[in-house]
Amino acid sequence: MTKLYGPGDDLMKDTIKSLTEYIEQVSALNDKFLGNGHCSVYELLYRGHSDLKYELLPSIARGKTFSSLVTLFDGERNLIEMAKNKVPEVFKDDMKPIELLALLQHYGIPTRLLDITENALVALYFSCCNHPGVDGEVFVFANSDNHVDNPPIINAVADTYRLTRGCEYSLDHFFKAAFNQPYFIEQKHIFEICNDLSAPDWIEDCCSNNIWFVHVTTHVLRQQLQQGRYILFPNEIVGEGDDKAFDTIIKPLDKGHACIAQKFIIDGNSKETILRDLRSCGISKSTLFCDSIDEVCKGIVEQVKRRL
């Protein structure tokens with residue numbers, strides 16, 4: 001019998017070679033973390049990678065290995081503002097920052113969000129859909145803070161591109177900028193009552209000691225079908241004391257982090273068979289991206305080819 005591990009322990013590295021094996025392992029994890037479902041403090045969330053080499057890092061931050069290197073991350077503000085200018089009826093000014101990032105992410109704009117899902121089969125699909133012959137992996141996150149409401153600090157971090165203007169920015173200045181935003185009213189009252197709190201220390205504590213599994217309002221069908229959730233990444237914090245500041249870099253989530261309850265290695269040579277079996281369960285590119293006419297038509301062509 002396979003040993004099941006909890007957050008913070010050594011993760012299982014057994015290789016999954018079939019959909020049946022995967023479902024059995026996920027079911028065992030459900031028994032361990034969720035029990036009968038009536039009193040569990042956890043929810044399980046999933047992320048699939050088609051290549052073991054991939055890091056747990058949002059698309060906007062990839063390739064930015066040190067702060068002085070100029071990458072797409074330095075154009076975060078331009079990406080978002082240009083999208084809002086080009087398609088204002090979709091990327092609306094009155095959206096909360098975290099809603100805006102989620103919608104941008106689903107339309108292909110790189111953001112500081114990392115896609116995860118509530119559906120274990122969707123994660124398995126994404127671990128198999130590319131790089132045939134190369135081992136993939138599925139991460140299972142055990143989230144014990146599964147409240148639907150997003151605290152104001154989450155919108156502030158999602159708003160980093162606007163509040164920091166893409167440069168190294170002190171935590172004190174960041175807090176003062178966020179403090180006056182409409183989404184921060186709830187937190188503002190707390191700070192006005194507890195005026196002995198240090199804003200930079202509080203920002204650092206929030207950003208360094210939390211993994212944010214974000215709930216976002218669903219705006220497009222694809223978000224519903226993929227049962228999408230996100231991990232929000234803040235900028236790295238540098239400096240000491242009053243000089244603490246957000247750097248212009250985002251660090252990846254360690255693959256051994258305590259929030260990861262399990263990791264499954266997906267056998268690269270079994271990907272095609274797993275994808276075939278997932279199609280029988282209604283999980284395919286044309287179903288997960290059915291709001292894209294191009295992808296639906298590609299799915300039709302592939303289906304006819306398989307019959308031929």
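The following questions and answers walk through a predicted model of one protein chain.

Visitor: How many helices and strands does the protein chain have?
Guide: Helices (H or I, at least four residues) and strands (E, at least two) are DSSP runs, numbered from the N terminus. On that basis the protein chain has 13 helices and 10 strands.

Visitor: What percentage of the residues of the protein chain count as buried?
Guide: Buried stands for under 20% relative accessible area, exposed for over 50%, and partly exposed for what lies in between, with a 1.4 Å probe and protein chains only. Of the 308 residues of the protein chain, the share that counts as buried is 46%.

Visitor: Are helices α7 and α9 roughly parallel or roughly perpendicular to each other?
Guide: The axes, lines fitted to C-alpha atoms over the stretch in contact, with angles running from 0 to 180 degrees between N-to-C directions, come within 8 Å for α7 (residues 171-179) and α9 (residues 199-208) and cross at roughly 90 degrees. Angles under 35 degrees count as roughly parallel, over 145 as roughly antiparallel, 65 to 115 as roughly perpendicular and the rest as oblique. α7 and α9 are therefore roughly perpendicular.

Visitor: Which residues of α9 meet α7?
Guide: Contact means heavy atoms within 4.5 Å. From α7, Leu171, Asp172, Phe174 and Phe175 take part, and they meet Ala199, Pro200, Trp202, Ile203 and Glu204 in α9.

Visitor: Where do the buried residues of helix α11 fall, seen down its axis?
Guide: In α11 (residues 271-280), the buried residues are Lys271, Ile274, Leu275 and Leu278. The directions from the helix axis to the C-beta atoms define the arc, and for these buried residues it spans 100 degrees, so they line one face of the helix. Glu272 and Ser280 are exposed on the other side of α11, whereas the cover over its buried residues includes α1 (19-33), α4, β4 and β10 (260-266). An α-helix has 3.6 residues a turn, so residues three or four places apart point the same way; in α11 the buried residues lie along one face.

Visitor: Why is strand β7 described as largely enclosed by the rest of the structure?
Guide: Strand β7 covers residues 228-232, and it is joined to β3 (residues 113-117) by 5 bridges in an antiparallel arrangement, with threonine 117 opposite glycine 228. It also pairs with β6 (residues 212-214) in the antiparallel sense over 3 bridges, where two strands pair if DSSP finds at least two bridges between them.

Visitor: Which strands are the edge strands of the open sheet of 3 strands?
Guide: The order in this sheet is β5-β9-β8, with antiparallel pairing. β8 and β9 (residues 245-246) pair over 2 bridges, and valine 238 stands opposite alanine 245 in β9. Each edge strand pairs on one side only, and these are β5 (169-170) and β8 (237-238).

Visitor: How far apart in space are lysine 285 and tyrosine 125, C-alpha to C-alpha?
Guide: Lysine 285 lies in helix α12 (residues 285-288) and counts as partly exposed because its relative accessibility is 38%. Although lysine 285 and tyrosine 125 are 160 residues apart in sequence, their C-alpha to C-alpha distance is 8.5 Å.

Key
Residues numbered from 1 in each chain as written. Predicted model: local features only at pLDDT ≥ 70, side-chain atom pairs only at ≥ 80, totals over all residues. Heavy atoms only, no water.
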